[in-house]
Amino acid sequence: MKKSILILNGKSISNQLVRNAIHSIRAEGHQIGVHVTYEAGDAERIAFSHALDPNAIVIAAGGDGTVNEVLNGLMRQASPQCAMG
């Protein structure tokens, strides 16, 4: 079973629409882990730690900086196995 890893920019965590969406996804039975970033480098570190999991879908939720960090974290692994969204 695929599991979603949501890497969420810390500025977005107070957005009620985001919180509602996460609750809805979980209520439908999907597995989703939420990781909130607080400082530069957090998204890259989190993405790197999931890059070799072939069952993971790593989702960058933020702006250009978040997407850039997530992609860089995945590409630090020689052969990332996860999907990115």
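Q: OK. Which elements here make a right-handed unit with α3?
A: This is a predicted model. In it, β3, α3 and β4 form a right-handed β-α-β unit. Another right-handed β-α-β unit is built from β1, helix α1 (residues 16-27) and β2.

Q: How do β3 and β4 pair, and over how many bridges?
A: They pair in the parallel sense over 2 bridges, with β4 covering residues 83-84. I57 has A83 of β4 as its bridge partner.

Q: Now β1. Which sense does the pairing with β3 take?
A: Parallel again: strand β1 (residues 3-9) and strand β3 (residues 56-61) are joined over 6 bridges. K3 stands opposite A56 in β3.

Q: And how many bridges link β1 to β2?
A: There are 6 bridges between β1 and strand β2 (residues 32-37), and that pairing is parallel too.

Q: What does L6 pair with in each neighbour, β3 and β2?
A: In β3 the bridge partner of L6 is I59; in β2 it is V34.

Q: Is β1 enclosed or open?
A: Largely enclosed by the rest of the structure, because 6 of its 7 residues are buried. Buried here means under 20% relative accessible area.

Q: Switching to N55. Where is it?
A: N55 lies in the loop between α2 and β3.

Q: What does N55 touch, leaving out residues up to four places away in sequence?
A: M1, K2 and K3. The C-alpha atoms of N55 and K3 are 6.1 Å apart, although the two residues are 52 apart in sequence.

Q: Last topic, the helices. At what angle do α2 and α3 cross?
A: Roughly 35 degrees, for helix α2 (residues 42-50) and helix α3 (residues 64-75), whose axes come within 7 Å. The crossing is right-handed.

Q: Which residues make that contact?
A: From α2, D42, A43, E44, A47 and F48; from α3, T66, E69, V70, N72, G73 and L74.

Q: How many of them are nonpolar, polar and charged?
A: The contact of α2 with α3 has 5 nonpolar, 3 polar and 3 charged residues.

Methods. Residues numbered from 1 in each chain as written. Predicted model: local features only at pLDDT ≥ 70, side-chain atom pairs only at ≥ 80, totals over all residues. Heavy atoms only, no water. Axes fitted to C-alpha atoms, helices over the stretch in contact; angles between N-to-C directions. Helix = DSSP H or I, 4+ residues; strand = E, 2+ residues; numbered from the N terminus. Left-handed = near helix turned anticlockwise from the far one by under 90°. Contact = heavy atoms within 4.5 Å. Nonpolar A, V, L, I, M, F, W, Y, C, P; charged D, E, K, R; others polar. Pairing = 2+ DSSP bridges. Right-handed = clockwise from strand over helix to strand, strands pointing away. Buried < 20%, exposed > 50% of the residue type's maximum accessible area, 1.4 Å probe, protein only.
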